[in-house]
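Dear colleague,

Please find below the structure that I am handing over to you. An account of what was found in it comes after the sequence and the model.

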Amino acid sequence: MISIITCNFNLGHLLNETIESVLSQNIKEIECIIIDANSKDNSIEIIKKLQRKDDRVKYISEYDEGHFYGINKGLKLSKGNIIGILHCSDLYEQ
């Protein structure tokens with residue numbers, strides 16, 4: 001299993017394309033963990049839409065103290081033996 005952790009705070013305008021780049025990989029055993037820091041934009045709406053579309057999307061939305069706290073939350077949730085960190089402004093190519 002591969003776990004990809006993406007931290008987000010008010011980056012809904014980038015989130016869909018980033019997560020779709022993970023889900024479109026030719027790997028079936030992949031989970032996409034989104035750690036949202038209680039965004040006030042449309043991020044949660046986008047995350048829920050992605051989760052309805054693909055059950056490999058998992059998320060938490062709650063206040064935290066910054067990016068590295070979010071990464072640590074994601075690490076605790078991950079089930080993969082390979083873990084990647086993908087920022088909201090980044091994409092994976094196929």
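This is a predicted model: local features need pLDDT of at least 70, side-chain atom pairs count only at pLDDT 80 or more; totals for chains, interfaces and linings use all residues.

Residues are numbered from 1 along each chain as its sequence is written, and side-chain values use heavy atoms, with hydrogens and water left out.

Nonpolar cores

In soluble globular proteins, nonpolar side chains tend to be buried together. A nonpolar core is taken here as a set of buried Ala, Val, Leu, Ile, Met, Phe, Trp, Tyr and Cys residues joined through side-chain atoms within 4.5 Å. Buried means under 20% relative accessible area, exposed means over 50%, and partly exposed lies in between (1.4 Å probe, protein chains only). The largest nonpolar core has 15 residues, and those with the most contacts inside it are Ile-4, Leu-15, Ile-19, Val-22, Cys-32, Ile-34 and Val-57. Two or more residues of this core come from each of β1 (2-8), α1 (12-23), β2 (30-36) and α2 (43-53). Helix α1 gives the most, with four residues. Helices (H or I, at least four residues) and strands (E, at least two) are DSSP runs, numbered from the N terminus.

Ile-19 touches Thr-6, Cys-32, Ile-34, Leu-50 and Val-57, if residues up to four places away in sequence are not counted; contact means heavy atoms within 4.5 Å. There is also a second, separate core of five residues, which includes Ile-5, Cys-7, Ile-35 and Ile-71.

Ser-43 is found in helix α2 and counts as buried, at 0% relative accessibility. Leaving aside neighbours within four places in sequence, Ser-43 is in contact with Asn-8, Asn-10, Leu-11, Gly-12, Leu-15 and Asp-36. Ser-43 and Asn-16 are 27 residues apart in sequence and 8.8 Å apart in space, C-alpha to C-alpha.

Ile-47 also lies in helix α2 and is buried, with a relative accessible area of 0%. Not counting residues up to four places away in sequence, Ile-47 touches Leu-15, Ile-34, Asp-36, Val-57 and Tyr-59. Ile-47 and Lys-58 are eleven residues apart in sequence, and their C-alpha atoms are 8.6 Å apart in space.

Salt bridges

A search of the whole structure finds four salt bridges, each defined as a side-chain nitrogen of Lys or Arg within 4 Å of a carboxyl oxygen of Asp or Glu. One of them joins Glu-20 to Lys-53, with the closest N and O atoms 2.8 Å apart. This pair links distant parts of the chain, with Glu-20 in helix α1 and Lys-53 in helix α2, 33 residues apart. Glu-20 is partly exposed at 24% relative accessibility, whereas Lys-53 is exposed at 61%.

Glu-62 and Lys-73 form a salt bridge through their side chains (3.0 Å, N to O). Glu-62 lies in the loop between β3 (57-61) and α3 (67-77) and Lys-73 in helix α3, so the pair ties together parts that are eleven residues apart in sequence. Glu-62 is partly exposed, with a relative accessible area of 37%, while Lys-73 is buried at 17%. Lys-73 also meets the side chain of Asp-64 in a salt bridge (3.6 Å, N to O), and Asp-64 counts as buried at 12% relative accessibility. Through shared partners, salt bridges join Glu-62, Asp-64 and Lys-73 into one network.

Cysteines

With a disulfide defined as a pair of cysteine sulfur atoms within 2.5 Å, the count comes to zero disulfides. The sulfur of Cys-7 is 8.2 Å from the closest cysteine sulfur, in Cys-88, and therefore too far for a bond. Both are buried: Cys-7 at 11% relative accessibility and Cys-88 at 3%.

Surface patch

Leu-75, Ile-83 and Ile-85 form a nonpolar patch on the surface, with about 220 Å² of accessible area together. Patches are made of residues with over 30% relative accessible area and no salt bridge, with like charges joined within 9 Å and nonpolar side chains (Val, Leu, Ile, Met, Phe, Trp, Tyr) within 5 Å. Accessible areas come from the Shrake-Rupley method with a 1.4 Å probe, and for residues only the protein chains shown count as cover. Ile-85 is found in strand β4 (residues 82-85) and is partly exposed, with a relative accessible area of 35%.

Yours sincerely
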